[in-house]
Amino acid sequence: METKHTNKEILVQGLKKMAISLVCMFIGPLLLHIAFSNQEKPLYIPILIVGILVCSAAIFLAFKGLKTIINSMFN
């Protein structure tokens, strides 16, 4: 009977996604803080949109990374 092992290549891909997500988790709120503290500047709306997109990407990549890590362990 064959025992199941963790697929290391898929695990590394999941960890890379989680690392990118971690970076986005710091950059996104920083951009939002910069946008809200400079509401009278002309770049308020573009920085706000970029900040929201980066925060959304952080959440998406975190879920994709966790799903990839779980798939590497149980498939």
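**Cysteine separation, fold and surface features of the predicted model**

The sulfur of cysteine 55 finds its closest cysteine sulfur in cysteine 24, at 8.8 Å, which is too far for a bond. A disulfide is a covalent bond between the sulfur atoms of two cysteines. With a cut-off of 2.5 Å between the sulfur atoms, the structure, which is a predicted model, holds 0 disulfides. Cysteine 24 is assigned to the buried class because its relative accessible area is 15%, under the 20% limit for that class.

The secondary structure of the protein consists of 2 helices and 0 strands. The radius of gyration is 18 Å, well over the 11 Å given by the globule rule for 75 residues, so the protein is more spread out than a compact globule. Along the principal axes, the C-alpha atoms fill a box of roughly 70 × 10 × 10 Å. Buried residues account for 21% of the 75 residues of the protein.

Helix α1 spans residues 8–37 and includes isoleucine 27. This residue, isoleucine 27, is classed as partly exposed because its relative accessibility is 38%. Isoleucine 27 also contributes to a nonpolar surface patch of about 490 Å², made together with Leu22, Val23, Met25 and Phe26.

Helix α2 covers residues 44–74, and isoleucine 52 has its place there. A relative accessibility of 45% puts isoleucine 52 in the partly exposed class. Between isoleucine 52 and alanine 62, the sequence separation is 10 residues and the C-alpha to C-alpha distance is 16 Å.

For aromatic side chains, the count comes to 1 aromatic pair. The pair is formed by phenylalanine 36 and tyrosine 44, with a centre-to-centre distance of 6.4 Å and an angle of 55° between the planes, and it is tilted. The tilted assignment follows because planes under 30 degrees apart count as stacked and those over 60 as edge-to-face, with the rest being tilted. Phenylalanine 36 counts as partly exposed, at 47% relative accessibility, whereas tyrosine 44 is buried, with a relative accessible area of 18%.

Terms used
Residues numbered from 1 in each chain as written. Predicted model: local features only at pLDDT ≥ 70, side-chain atom pairs only at ≥ 80, totals over all residues. Heavy atoms only, no water. Patch = residues over 30% accessible without salt bridge, like charges linked within 9 Å, V, L, I, M, F, W, Y side chains within 5 Å. Areas by Shrake-Rupley, 256 points an atom, 1.4 Å probe, with all protein chains shown as cover. Salt bridge = Lys/Arg side-chain N within 4 Å of Asp/Glu carboxyl O. Helix = DSSP H or I, 4+ residues; strand = E, 2+ residues; numbered from the N terminus. Buried < 20%, exposed > 50% of the residue type's maximum accessible area, 1.4 Å probe, protein only. Phe/Tyr/Trp six-rings, centres within 6.5 Å; stacked < 30°, edge-to-face > 60°. Rg over C-alpha atoms; globule rule 2.2 N^0.38 Å.
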